[in-house]
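This report describes a protein model for a reader who is new to structural analysis. Please consult the sequence and the model shown here while reading.

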Amino acid sequence: RAALQSAVNEAMHTEVLLAEDALTDSSLLIIERRKTQSIDGMPADGRTMDMPIQFRLVTNGVDCILVDQRNQARYVLADTSCRAEVSGD
């Protein structure tokens, strides 16, 4: 979990809040920007048009690698183990 958090923070150049179950059910990780709030804590008017940022977890048989789908940048997750996602066909 720490390696995943570190890789996502590095890719996003900021601290990102990840769900506890991130990448446990799927190899796809979707990061959405936080909704802008007004000064009283209510959601600000207007729509956020930013596309969610997607990462894909892959393995090369040895390493777990987080791939940023925007630019195909790869981040090796140190001291982790993962397995290939089983398709639900």
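Which residues does L29 touch, not counting residues up to four places away in sequence? L29 touches L4, V8, L18, A22, L23, I53, Q54 and F55, where contact means heavy atoms within 4.5 Å.

The model is predicted: local features need pLDDT of at least 70, side-chain atom pairs count only at pLDDT 80 or more, and totals for chains, interfaces and linings use all residues. Residues are numbered from 1 along each chain as its sequence is written, and side-chain values use heavy atoms, with hydrogens and water left out.

**The sheet**

Helices (H or I, at least four residues) and strands (E, at least two) are DSSP runs, numbered from the N terminus. Four strands form an open sheet in the order β1-β2-β3-β4, with antiparallel pairing; two strands pair if DSSP finds at least two bridges between them. Strands of a sheet pair through backbone hydrogen bonds, either parallel or antiparallel. The edge strands, each of which pairs on one side only, are β1 (28-31) and β4. From one strand to the next, the twist averages 25°. The angles used here run from 0 to 180 degrees between N-to-C directions, and the axes are lines fitted to C-alpha atoms, for helices over the stretch in contact.

Two of the pairings are set out below.

| Strands | Bridges | Example of bridge partners |
|---|---|---|
| β1 and β2 | four bridges | I30 and Q54 |
| β2 and β3 | five bridges | V58 and I65 |

Buried means under 20% relative accessible area, exposed over 50%, and partly exposed in between (1.4 Å probe, protein chains only).

Strand β3 contains D68. With a relative accessible area of 0%, D68 is buried. Not counting residues up to four places away in sequence, D68 touches A11, I53, Q54, F55, A73 and Y75.

**The helix and the core**

Helix α1 (residues 2-12) packs on the sheet and touches β1, β2, β3 and β4. The direction of α1 makes about 160° with that of β4. Eight of the 11 residues of α1 are buried, and the helix is thus mostly covered. The buried residues are A3, L4, Q5, A7, V8, N9, A11 and M12. After α1 comes H13, whose phi is positive, near 60°.

A nonpolar core is a set of buried Ala, Val, Leu, Ile, Met, Phe, Trp, Tyr and Cys residues joined through side-chain atoms within 4.5 Å. The largest such core has 19 residues, and those with the most contacts inside it are L4, V8, L18, L29, I31, F55 and L66. Two or more residues of this core come from each of α1, β1, β2, β3 and β4. The most are given by α1, with six residues.

**The disulfide**

How many disulfides does a search of the whole structure find? The search finds one, a disulfide being a pair of cysteine sulfur atoms within 2.5 Å. This disulfide joins C64 to C82, with an S to S distance of 2.2 Å. C64 lies in strand β3 (residues 64-68) and C82 in the segment after β4 (74-77), so the pair ties together parts that are 18 residues apart in sequence. The torsion about the S-S bond is about -125°, and the disulfide is therefore left-handed. C64 is buried, with a relative accessible area of 2%, whereas C82 is partly exposed at 28% relative accessibility.
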